[in-house]
Structure formats: structure tokens, C-alpha cells
Amino acid sequence: MDIAGLIALLQGSAYFLIFAGCFTEGSVVMITTGVLVHSGFAAFWPAFVALMLGDILSDIMWYSMGRFGGRKFINRWGYLFGATPVLVEKIEHRFHEYHTSILMISKLTMGFGFAIVTLMTAGLLRVSFVRFVAINVSGGLIWVSALFSIGYYFGSALESIPAEMRFAGFLAGAVFMFIFLQYANKKLSTVEW
């Protein structure tokens with residue numbers, strides 16, 4: 001396959017790639033998609049819908065693991081995601097009374113490092129699925145819009161960079177945001193709640 005064929009393939013599957021990227025690594029993909037829309041490589045509505053679907057379906061996956069796999073999954077595999085039994089137990093105590101606030105705040109703050117644990121705990125404690133989805137869609141609209149906007153306006157800044165340096169600037173910005181978000185997530189996960 002030549003370069004032109006590869007570019008055509010990527011353009012043809014751009015929205016699927018945005019969805020898949022958001023499903024696995026949401027924040028950086030949301031920002032990157034904003035830059036792509038600003039640069040004209042993607043249309044706003046299909047890109048935004050792909051981001052929302054990836055974000056919400058990812059949350060539903062973690063909720064389902066908590067609901068149907070529950071404690072077995074956490075005891076066996078939770079350490080891979082920071083979902084240790086001790087941490088889940090701490091969250092459970094607060095969750096019963098404040099699950100709406102906890103889910104919304106978790107969505108808007110990347111979970112303070114506990115996003116996956118919070119989503120799994122919602123399933124584990126059998127929070128109503130309809131309520132769970134409604135809370136996550138509401139929070140997701142705000143979160144996706146905010147990060148998408150950052151990327152979109154970062155795209156404006158890229159236009160002031162000479163064309164030969166744009167890709168390097170875009171790549172450097174994406175790497176910086178990824179490292180910053182991972183660092184912030186790690187730091188916040190060490191906070192004692």
C-alpha cells in the first residue's frame with residue numbers, strides 16, 4: 001500500500017479511529033480531535049458524536065464489569081487499574097449516600113485518579129443503569145466539550161507556526177498533554193480520601 005492509499009484509508013476510517021481512541025484513552029484523543037476539526041481533517045458533529053460514544057461506552061463497560069464481575073474481577077484483576085479491594089471498600093462507604101455527586105465529580109475531574117474504581121463501584125452497588133447513563137452523559141457533554149475546545153483553540157495556535165513545523169508542534173503538544181494528564185491522574189490517585 002502506498003502513502004496515498006494509507007491516507008485514504010485513515011480518512012475513511014477517521015471517525016471510527018476517534019471512537020476507538022476515545023474508548024481507550026479519552027482525554028488526549030478529545031484534545032487531538034479538536035485540533036483535527038479545526039484543521040479541517042474532520043467534521044464537527046461526526047467527530048463529537050464519535051467522542052461521546054467512545055466516552056460513554058467505555059464508562060458502561062467499566063460499570064458492567066463491576067455489576068456482573070463484581071468482587072471476583074476486582075480481587076483478581078483490579079490491581080491493574082488501581083481498583084484494589086481496599087480502595088473499593090473506602091469508596092463504597094461514601095457511594096451509597098452520594099453516588100450522583102460522586103459520579104458527576106468523577107466524570108468532570110478524570111476521577112481524581114479513581115475513575116475506573118468509581119465506575120466499577122457504581123455497577124458493584126447496582127446503581128440504576130438508567131441513572132448511571134444519564135449522569136455520565138451529562139458529565140460527558142461537559143468534559144468532552146471542554147477538552148475538545150482546548151484542542152480546537154490549540155489548533156488556532158498551530159496556524160501561527162510555520163507549515164514545516166506544525167506537525168512537530170502538534171505532536172509536542174499532544175505528548176505534553178498526555179504526560180500532564182497522566183501525571184495529574186497519578187498524583188491525584190495518591191491523595192488520601
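Which residue forms a salt bridge with Lys107, the closest N and O atoms being 2.4 Å apart? Asp59 does. The notes below start from the model and come back to that pair.

1. Basis. This is a predicted model: local features need pLDDT of at least 70, side-chain atom pairs count only at pLDDT 80 or more, and totals for chains, interfaces and linings use all residues. Numbering runs from 1 along each chain as its sequence is written, and side-chain values use heavy atoms, with hydrogens and water left out.

2. Overall make-up. The chain has eight helices and zero strands. Helices (H or I, at least four residues) and strands (E, at least two) are DSSP runs, numbered from the N terminus. Of the 193 residues, 39% count as buried. Buried means under 20% relative accessible area, exposed over 50%, and partly exposed in between (1.4 Å probe, protein chains only). Take contacts (heavy atoms within 4.5 Å) between residues at least 6 apart in sequence: 76% join residues at least 24 apart.

3. The whole structure holds two salt bridges, each a side-chain nitrogen of Lys or Arg within 4 Å of a carboxyl oxygen of Asp or Glu. Asp55 pairs with Lys107, closest N and O atoms 2.6 Å apart. Asp55 lies in helix α4 and Lys107 in helix α5 (residues 85-108), so this pair ties together parts 52 residues apart in sequence. The Lys107 bridge to Asp59 has its closest N and O atoms 2.4 Å apart. That pair also links α5 with α4, 48 residues apart. Asp55 is buried at 9% relative accessibility. Lys107 is buried, with a relative accessible area of 9%, and Asp59 is buried too.

4. Packing of α2 on α3. Helix α2 (residues 14-24) packs against helix α3 (residues 26-39) at about 145°, with axes 6 Å apart. Axes are lines fitted to C-alpha atoms, for helices over the stretch in contact; angles run from 0 to 180 degrees between N-to-C directions. Ile18, Gly21, Cys22 and Thr24 of α2 meet Gly26, Val29, Met30 and Thr33 of α3.

5. Leu53. Leu53 sits in helix α4 (residues 44-77). Leu53 is partly exposed, with a relative accessible area of 44%.

6. Backbone check. Arg126 has phi near 60°, a positive value in a residue other than glycine. Arg126 is in the loop between α6 (115-124) and α7 (129-159).
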